[in-house]
Amino acid sequence: MDNLSDALKKLKITTTDSTADSLEGCLDCLLQALAQNNMETSEKIQKSGVLQVFASLLTPQSSCTAKVANIIAEVARNEFMRNPCVDAGLIPPLVQLLNCKDQEVLLQTGRALGNICYDSHTLQSQLINMGVIPTLVKLLGIHCQNAALTEMCLVAFGNLAELESSKEQFAYTNIAEELVKLFKKQIEHDKKEMIFEVLAPLAENDVIKLQLVEAGLVECLLEIVQKTVDSDKEDDIAELKTASDLMVLLLLGDESMQKLFEGGKGSVFQRVLSWIPSNSHQLQLAGALAIANFARNDGNCIHMVDNGIVQKLMDLLDRHVEDGNVTVQHAALSALRNLAIPVVNKAKMLSAGVAEAVLKFLRSEMPPVQFKLLGTLRMLIDAQAEAAEQLGKNVKLVERLVEWCEAKDHAGVMGESNRLLSALIRHSKSKDVIRTIVQSGGIKHLVTMATSEHVIMQNEALVALALIAALELVTAEKDLENAQLVQILHRLLSDDRSAPEIKYNSMVLVCALIGSEPLQKEVQSMAFLEVVSKLRSHENKTVAQQASLTEQRLAVES
């Protein structure tokens, strides 16, 4: 350690006029000491004040630069040394060195910057603002034959790509092209894994998604899937998962998805279709998720339904009814839900038996599956009176919906159950459906739904309640009373924040409720006339008109 103290002293006094040889000797001594005891040596380096000296030694002309950068990289492996390195002003000269030609200098500089900025978003942002991203991408292109430098660039990209601000800068470089080129050359699993770790965060950006598709990444991914699908080697299974997950991620961008769909004729789309009947759960999952992503616009949905995708998804669901894979169930239901959005697809999907296939999962205790099941049924019955009636008379379904309306731990399931209950009434307009819902105890949930914070849900509830009051008031009377519907309507009409359509539908409902003696008494006892007459001057003409009509009805009844 005496040698170390001497070397540190020498470095402090001789940097200005020392020969390269004497400097080299001091630096070698530091590197040896760091190799023996990194932490202790780093502490001594910090105390000696020699870090400030290093800033002046980091020049492209100096023959010692690589060693100085190596020492900085080594000391910055210790967390307590990172701030002192920043305070010593080492970042700007290191960033400058990324422009030099010497490969050893580049490697040690990259390591030093990586270690100093490790785990610090602030410092990584500083590097991004200093323009390191285009520089590193250029380096990757020039030095792709140098394995150590390539790895250094990939580690740096992996760290920087986590930051949102980096993605815009990456999008202005040819990173997609470089990474795909590099990927094609790799044979070793570890190397591919490293590139995957950079690709995944970058592919979250829509511009880069498209660049990766154009650079041919999809073909590489499909090739990996083909090679690994039947293997039971751990590395292959991991690679299959990563490749198929990345494929699904690329389809989340509208432009990249449409490019790969190619009007349903695309070879990529066709290959993804072949994943659905596969025996690999991972591929079934990726296939179903990919279809759900392709099904993001009406044109694609109509094309896929006309070309038999529904049967493939139903067959897949059938394989997962008993003790099935929850993620596959969820993905297949997501795809069916999206496909059911265009009006022309609903009747086709209903006659293909989708509702029956979906109902097999009513027993599921998994909230994500319950949520998608509900959404799929709701999409299917939209404006389909016959289907809404059939489902609305299904006591098992209605009882399950009423149960899920109380799933307070799962707001999504609770909301979707309420919306489906309302939809069954609104689309069927059927007395039988209303009776089934009354008998199963669903009325109180529709009344609660009328107080939702979402206007669309409030409205759906009020329209369903108005149909109940118009078609089956006597049957529902007791439940409406117990759920305090009249008080809730009074509150909605008195509240200035209620949307115009809420006020309108609340008044329509009040008029319908007057047909019931006990409910009429409640309406009279609550001074509705006063609230309604104020609404005659409402800025919305429809609300104002309905207020006049409601006032007349109330006046007659009183």
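Predicted model: local features only at pLDDT ≥ 70, side-chain atom pairs only at ≥ 80, totals over all residues.

Q: Let's start with H15, then; which of its residues are buried?
A: In helix H15, which spans residues 206-214, the buried residues are Ile-208, Lys-209, Leu-210, Leu-212 and Val-213.

Q: And what covers them?
A: The cover over the buried residues of H15 includes helix H12 (164-171), helix H13 (175-185) and helix H14 (189-202), together with helix H16 (217-228), helix H17 (234-250) and helix H18 (254-261).

Q: What caps the N-terminal end of H15?
A: That end is capped by Asn-205, which places a side-chain oxygen 2.9 Å from the backbone nitrogen of Val-207. As for what comes after the helix, H15 is followed by Gly-216, whose phi is positive, near 95 degrees.

Q: What about Glu-214, is it buried or exposed?
A: Glu-214, which also has its place in H15, has a relative accessibility of 52% and counts as exposed, because the cut-off for that class is over 50%. Its C-alpha atom is separated by 8.6 Å from that of Ser-256, a residue 42 places away along the chain.

Q: Changing topic, at what angle do H22 and H23 pack?
A: Helix H22 (residues 309-318) and helix H23 (residues 326-339) pack at about 155 degrees, and their axes are 10 Å apart. The two helices are therefore roughly antiparallel to each other, since angles over 145 degrees count as such. H22 passes H23 in a left-handed crossing.

Q: Which residues make that contact?
A: From H22 the contact is made by Ile-309, Val-310, Leu-313, Leu-316 and Leu-317, and from H23 by Val-328, Gln-329, Ala-332, Leu-333, Ala-335, Leu-336 and Leu-339. Sorted by class, the contact of H22 with H23 has 11 nonpolar residues and 1 polar residue, with no charged residues.

Q: Now H8 and H11, how do their axes run?
A: The axes of helix H8 (residues 103-116) and helix H11 (residues 147-160) come within 10 Å and cross at roughly 30 degrees, which makes H8 roughly parallel to H11, the limit for that term being under 35 degrees. The crossing of H8 and H11 is left-handed.

Q: Who touches whom there, and what is the make-up by class?
A: On the H8 side the contact is made by Gln-103, Leu-106, Leu-107, Gly-110 and Arg-111, and on the H11 side by Ala-148, Leu-149 and Met-152. By class, the contact of H8 with H11 has 5 nonpolar, 2 polar and 1 charged residues.

Q: What is Arg-378 in contact with?
A: If its neighbours within four places in sequence are left aside, Arg-378 is in contact with Glu-416, Arg-419, Leu-420 and Ala-423.

Q: Last one, what about Ala-512?
A: Ala-512 has its place in helix H35, which covers residues 500-513, and is partly exposed, with a relative accessible area of 22%. Its C-alpha atom is separated by 6.7 Å from that of Ala-466, 46 residues apart along the chain. Leaving aside neighbours within four places in sequence, Ala-512 is in contact with Ala-469 and Leu-473.

How values were computed: Residues numbered from 1 in each chain as written. Heavy atoms only, no water. Buried < 20%, exposed > 50% of the residue type's maximum accessible area, 1.4 Å probe, protein only. Helix = DSSP H or I, 4+ residues; strand = E, 2+ residues; numbered from the N terminus. Contact = heavy atoms within 4.5 Å. Polar contact = N/O pair within 3.5 Å; in protein donor to acceptor, adjacent residues only side chain to side chain. Axes fitted to C-alpha atoms, helices over the stretch in contact; angles between N-to-C directions. Parallel < 35°, antiparallel > 145°, perpendicular 65-115°, else oblique. Left-handed = near helix turned anticlockwise from the far one by under 90°. Nonpolar A, V, L, I, M, F, W, Y, C, P; charged D, E, K, R; others polar.
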